[in-house]
Amino acid sequence: MAQPWTILDRVETSAGVLELRRRGVDDVLLTVAGRVLMNSRANRSEIALAQLTCTNRAPGAAVLVGGLGLGYTLRAALDLLPADARVVLAEIDPAIVHWCRTHVADLNRNALDDPRLELHVEDVACTLGRGAGGGRDGRFDAILFDLSEGPSTKSRQADHPLYGPSMLRTVRAALRPGGVFAVWSEQPCPPFETRLRRAGYRVELTRPGRGALRHAVYLAHPAA
């Protein structure tokens with residue numbers, strides 16, 4: 001008989017009740033309005049997002065991670081990046097930041113305590129805006145979007161604040177020469193690929209792992 005879930009914490013959000021559930025040692029769910037946002041036992045695409053963008057980075061690399069979740073992408077990025085890297089994390093929900101520091105710190109191995117990390121509790125669009133403008137956040141060698149909702153064919157996203165043309169221009173301005181924009185998506189999204197190419201990116205699509213349920217990772221490289 002399966003062990004029951006324990007609700008560790010819950011908060012009201014504009015999208016519904018955000019809830020953290022756990023059973024056993026390493027089985028954790030992050031849900032909103034009853035919909036699963038992340039499962040600690042299904043994290044291969046989140047880890048791949050970091051591996052594909054942070055492996056063999058040069059000293060002094062600067063990386064922006066948009067979205068925290070349970071901290072798997074951040075942890076993988078920190079493990080791969082050099083000791084003098086600059087890692088900026090933008091997470092809009094303070095409850096998720098708190099949970100990653102407390103309830104699930106064992107799963108992400110205290111990623112938020114890494115001295116290389118700059119934490120911004122805000123919309124990643126705000127962080128990017130400062131980077132694109134040459135402000136205090138500077139520019140990045142890699143920008144990773146590991147957000148609760150990736151690009152989707154289920155809704156109109158041509159003018160989406162995170163996946164539309166305006167944001168794609170902002171990302172380009174915030175990238176250093178040779179930089180990469182990486183996006184987690186629940187599944188391939190051809191309209192998003194089209195928008196990336198129209199915005200001047202060279203696009204690669206990978207689907208980490210094997211089996212029927214495979215998420216997608218987009219790597220977008222600005223054309224010279």
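Begin by selecting strands β3 and β4 (residues 35–39), which run antiparallel and are joined by 4 bridges. Two strands count as paired if DSSP finds at least two bridges between them. Helices (H or I, at least four residues) and strands (E, at least two) are DSSP runs, numbered from the N terminus. The model is predicted: local features need pLDDT of at least 70 and side-chain atom pairs count only at pLDDT 80 or more, whereas totals for chains, interfaces and linings use all residues. Residues are numbered from 1 along each chain as its sequence is written, and side-chain values use heavy atoms, with hydrogens and water left out.

**Strand β3 and its partners**

Within this pair, select Thr31 and then Val36 in β4, which is its bridge partner. The hairpin of β3 and β4 has 2 residues between the strands, and Ala33 there takes a positive phi near 50°.

Next, display strand β2 (residues 16–23), which is joined to β3 by 6 bridges and runs antiparallel to it. Leu20 stands opposite Leu30 in β3. In this hairpin, with 3 residues between the strands, Gly24 has a positive phi near 70°.

Now colour β3 (residues 27–32) by accessibility. Here, buried means under 20% relative accessible area, exposed means over 50%, and partly exposed lies in between (1.4 Å probe, protein chains only). In β3, 6 of the 6 residues are buried, so the strand is largely enclosed by the rest of the structure. Both of its faces are covered, with Asp27, Leu29 and Thr31 on one side and Val28, Leu30 and Val32 on the other.

**Two loop residues**

Proceed to the loop between α1 (44–54) and β5 (62–66), and select Asn56. Asn56 is not a glycine, yet its phi is positive, about 60°. Asn56 is exposed, with a relative accessible area of 77%.

Then move to Arg109, in the loop between α3 (94–101) and β7 (117–120). Arg109, also a residue other than glycine, has a positive phi near 50°. Arg109 is partly exposed, with a relative accessible area of 46%. Most residues other than glycine have a negative phi.

**Helix α6**

Finally, select helix α6 (residues 190–198), whose buried residues are Phe192, Glu193, Arg195 and Leu196. Viewed down the axis of α6, these residues fall within an arc of 160°, so they line one face of the helix; the arc is that of the directions from the helix axis to the C-beta atoms. Their cover includes α5 (165–174), β9 (175–185), β10 (201–206) and β11 (216–222), where contact means heavy atoms within 4.5 Å. The tour ends at Gly200, which follows α6 and has a positive phi near 90°.
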